[in-house]
Amino acid sequence: MSLDLVYDYKEADVAVLFLRPESGDYFNATPGLLELEICENKTNIAMNGDSYTETTVSNLNRYFEIADYMHANNGKVVTSINITLPWILGNVENVSDVLIAGYDTLEKAQLEVMIGAHKPHGKLPITLPKNSQVIAVDEFGKCVTCNDVPGYDKDKYLREGMTYAYEDAAGNEYKLNFGLTD
């Protein structure tokens, strides 16, 4: 099998897209809670009740434009997300044919694995939340589940019918230790 790297996605059969979401800043807190949804210009409500916008990935519309183009032209989309926080993946998983998590892993190293130069392996070190409802807080700032309970064990403490872990379209739950084994 021959692989040719191209830099114009319109010439590719597969687009490999790297997302490095960021939420807040260690020294400059956001006016509200930490945003864990992959979003751009999302309207949020601050702790004092004021509205503000939050962006965790700049130029996210470009990502969706490329994904739409690839799918409209029978191409595939591989999305690699830099997992430094328990991100909510719903916005990108539904347009990704393959979803990869990197933990501050260099893109070059990830590409080497994708083209077969190295065997892939790795497991999630955290549980990724299903959606913003499972990490929501009430009007008193209390989380819907105990904050000191790790994500893989939160289902016991959620309201009936709620589950914590993200589940992809194939039914995989993104809980602690989900991933590839050697």
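User: How far apart are the mean positions of the positive and negative charges in this chain, and what makes a residue count as positive or negative?

Analyst: The chain has 14 positive and 28 negative charges, and their mean positions are 5 Å apart. Lys and Arg count as positive and Asp and Glu as negative, while His and the chain ends are not counted. Each charge is placed at NZ of Lys, CZ of Arg, CG of Asp or CD of Glu. A word on what you are looking at: this is a predicted model, where local features need pLDDT of at least 70, side-chain atom pairs count only at pLDDT 80 or more, and totals for chains, interfaces and linings use all residues. Residues are numbered from 1 along each chain as its sequence is written, and side-chain values use heavy atoms, with hydrogens and water left out.

User: Is Glu35 buried or exposed, and what is Lys42 called?

Analyst: Buried means under 20% relative accessible area, exposed means over 50%, and partly exposed lies in between (1.4 Å probe, protein chains only). Glu35 has 7%, so it is buried. Lys42, at 24%, is therefore partly exposed. Asp153 also has 24% and is partly exposed, whereas Lys156 reaches 59% and counts as exposed. For the chain as a whole, buried residues make up 31% of the 182 residues.

User: What separates Lys108 and Glu112 along helix α3?

Analyst: They are 4 residues apart in that helix, which means a separation of about one helical turn. Their side chains meet in a salt bridge, 3.5 Å from N to O. Lys108 is exposed at 61%, and Glu112 is partly exposed at 26%. Helix α3 covers residues 107-114, and Val113 has its place there too.

User: What makes a stretch a helix or a strand here?

Analyst: Both are DSSP runs, numbered from the N terminus: helices are H or I with at least four residues, and strands are E with at least two. The chain comes to 3 helices and 7 strands, in the order β-β-β-α-β-α-β-α-β-β from the N terminus on.

User: Which residues is Val113 in contact with, and why is it called partly exposed?

Analyst: Contact means heavy atoms within 4.5 Å. Leaving aside neighbours within four places in sequence, Val113 is in contact with His118 and Pro120. Its relative accessible area is 27%, which means partly exposed. Phe64, in helix α1, is partly exposed at 23%. Phe64 touches Asn91 and Val95, again not counting residues up to four places away in sequence. Among contacts between residues at least 6 apart in sequence, 54% join residues at least 24 apart.

User: Why is Asn74 called exposed, and what about Asn177?

Analyst: Asn74 has 73% relative accessible area, so it is exposed. Asn177 has 48%, so it counts as partly exposed. Asn74 lies in the loop between α1 (60-72) and β4 (76-82), with a positive phi of about 60° although it is not a glycine. Asn177 lies in the loop between β6 (122-123) and β7 (179-180), and its positive phi is about 75°.

Terms used
A salt bridge is a side-chain nitrogen of Lys or Arg within 4 Å of a carboxyl oxygen of Asp or Glu.
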